[in-house]
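Q: I'm new to this one. Can you walk me through how its features get their labels?
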Amino acid sequence: MAETICRALRDGAFEGEHAPALTIKDTIDTPLGSFVFNHILTQLTSNILAGKSQARGVVLVALSRPPSFYTELLKDKGFDVSSSSKWLRVLDCYSDPLGWKNKLMEKGTVRNPYEETSLKTSLCKNLKELDKVLSSIIELGKEIVEEGKGRFAVAIDSVMLVNFSFGSVSEVLRHSSLPSVARILSHLRSHDQVSCIFCLLHVDLHEAKVAATLEYLSTMHADVEPIVQRTNGQRNTSEDLPMVEQSFKRGKFHVRFKRRNGRVRVMREELYVEGSGIKITEVSSEDGITAQSLVPKVQFNLDLSEKERLDRAKVVLPFEHQGTGKLIQIYDGRKSLNESENEEKQASVEKPQTTEDSGRGEIIYFRDSDDEMPDSDEDPDDDLDI
Amino acid sequence: MDNSRANLLEEAVGISKGGRVVVVEDCVETSGAFVLHHFLKRSLYPDTSDVVIFIAFAHPFSHYERILRKMGCNLTVHRKTHRFVFLDMLTLECPDRNGKETRQDGLLALYGEIEKAVEIYSSLEGSRTITIMIDDISLIEVAANGLSNHVLDFLHYCYTLKAKYEKVNGMGYDLNNLCIQGCSFVTLNHEDIYSSANTLPLILQPEYLADVIIKAEPLATGLASDVHGQLTVLNKGSVCDLGGSSSKVRNFHFRVKENIVDYFYPGTQT
């Protein structure tokens, strides 16, 4: 439930509890996680501006997308970017996460490597020192809420295990080890000025334990999954083009909430990309619509009408001696001689009955003799001399 | 006639304002190098002032020169007129294998060269797209001695150039003076050499960030003499315009000829 997530993030941390944390997960099959991230970010922002949320502002850790992307996003959603300094701080871990540009500038190779943005940003030049990242997140947060009371939200746009990213946790993880990322996340959650945290994780870039660790650290997780699961485990292939195209436009949206008492609630919804944003709706009559939309449009009818369906159910197939009260047996040509003799007698007794019951179609087959071989691949006419 | 066929690829890739990230993936059976040549030729069309920065890990200059000359594009001339910058990385870091620092410094220096070139070209007058091409990513990994994280760092820095130089400078209200600049990024990679969990990000991470993914695969039915393989083009739409819903997938066959590549839909070749 996207709304429930937004509400939980809006309400923030309860007294004496850790801040709620949300992990958004996606895979390359349905790479729509960033849309969900943007959606939640804008929802939270509008709640903050309306004064409804516990958080007074957002610290956005931009790891996988540049600050200019977020400027465009906020403008597009109708927020006043010029006054954003009151409620938004961006920690730019995108532009120079390893300090390369800084080094090049010092050497004189390049003059001005940094991008200018209208958002209030602070540049992170060494993502490997996560402690510094943590302290700058908290510093930026304090700038928004000013000293003393008030809380702020933290948004990380991709976590990367071995090296860098909190807007994408994927990026953070790429530059540092899992334990240190986990430590930072739990630090943030327990910090008394943090209202809520949400981050994005591209699951398939990491080992399974990364996703599990982050799930333990968060109170909610939102999975974006393909509508139709691939059975063979293969990556996108050219054979299922409509499916591939679909998976970039819609997906299943599964949300798991962990209550304080340990109860877990799972909710399923569907997610559509619509224009620049996403729309999340209730699951509509399961896969019926998907199946319909995946079948190409043809002029003739592929479905059966109700009458056709009933008629088809009535047809008695050959060898199915139904309605005699006996167990239904299917002749496979391998029965012993005795059995087939018995059957022959029985069948001759039953024969008059079946002819009386002329309303029902039936095909009965008697084997002429045992000389006749059961069905085989052999060509019966192969001795024919033409 | 050949022109209209060549447009099948162009059609699928689409026209973009400004820069974008294109990932070409191929496999052992079907090489995707010709897609790279196509983009190279397109960027160097005489009627534009676009610039290509080509980072070659796979082949020397003479190799590309020969191929492009057959396609009707003289790289030597473009190199002289500074529209084609060729960075020969065939021997990057091969002499010294002293340790971690050197390897990363090698990629840092390479990035420095790229950024310097981009900075110079973007400061010039006029509108142009700067295309950075890498042939190919798997060989950067070889140069970095198998440390895929260094490669991903390097690629990340290359992507930051796209964000930095993507701007539309409107000069007054005169549309003719509109100066559109962008920095595109075209890379080639081999899909089938990444299977373990450690190296998989090297193929997946660029896919997450790409605007267009082009896959060259053999035909599912095996090899044929008149069809050399199939291309699947996944166009995510211009994500930077925030119009992500326009993603499209196209699939068509191709035949690589001496100086041109034919693109056609399955079954339409006579």
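This is a predicted model: local features need pLDDT of at least 70, side-chain atom pairs count only at pLDDT 80 or more; totals for chains, interfaces and linings use all residues.

Q: What makes helix 2 of chain A largely enclosed by the rest of the structure?
A: Of its 17 residues, 12 are buried, so helix 2 of chain A counts as largely enclosed. Among the buried ones are Phe35(A), Phe37(A), Ile40(A) and Leu44(A).

Q: How do you know how the span of helix 2 of chain A sits against the expected one?
A: The expected span is 1.5 Å times one less than the number of residues. Helix 2 of chain A, residues 33-49, reaches 24 Å from its first C-alpha to its last, close to the 24 Å expected. After this helix comes Gly51(A), with a positive phi near 75 degrees.

Q: Why are strand 9 and strand 10 of chain A said to pair?
A: Pairing takes at least two bridges, and these strands have 6, so they qualify. They run in the antiparallel sense, and Val273(A) stands opposite Ile278(A). The two strands form a hairpin with 2 residues between them, and Gly275(A) in the turn has a positive phi of about 60 degrees.

Q: What makes up the side of chain B that touches chain A?
A: Contact means C-beta atoms within 7 Å, and 34 residues of chain B are in contact with 38 residues of chain A. Helix 7 of chain B gives the largest share, 8 residues. By class, that side of chain B has 13 nonpolar, 12 polar and 9 charged residues.

Definitions and conventions
Residues are numbered from 1 along each chain as its sequence is written. Chains are lettered from A and ligands numbered from 1 in the order in which they are written. Helices (H or I, at least four residues) and strands (E, at least two) are DSSP runs, numbered from the N terminus. Two residues are in contact if their C-beta atoms, placed from the backbone, lie within 7 Å. Ala, Val, Leu, Ile, Met, Phe, Trp, Tyr, Cys and Pro count as nonpolar, Asp, Glu, Lys and Arg as charged, and the others, Gly among them, as polar. A residue is buried if 20 or more other C-beta atoms lie within 10 Å of its own, exposed if 12 or fewer, and partly exposed in between; C-beta atoms are placed from the backbone.
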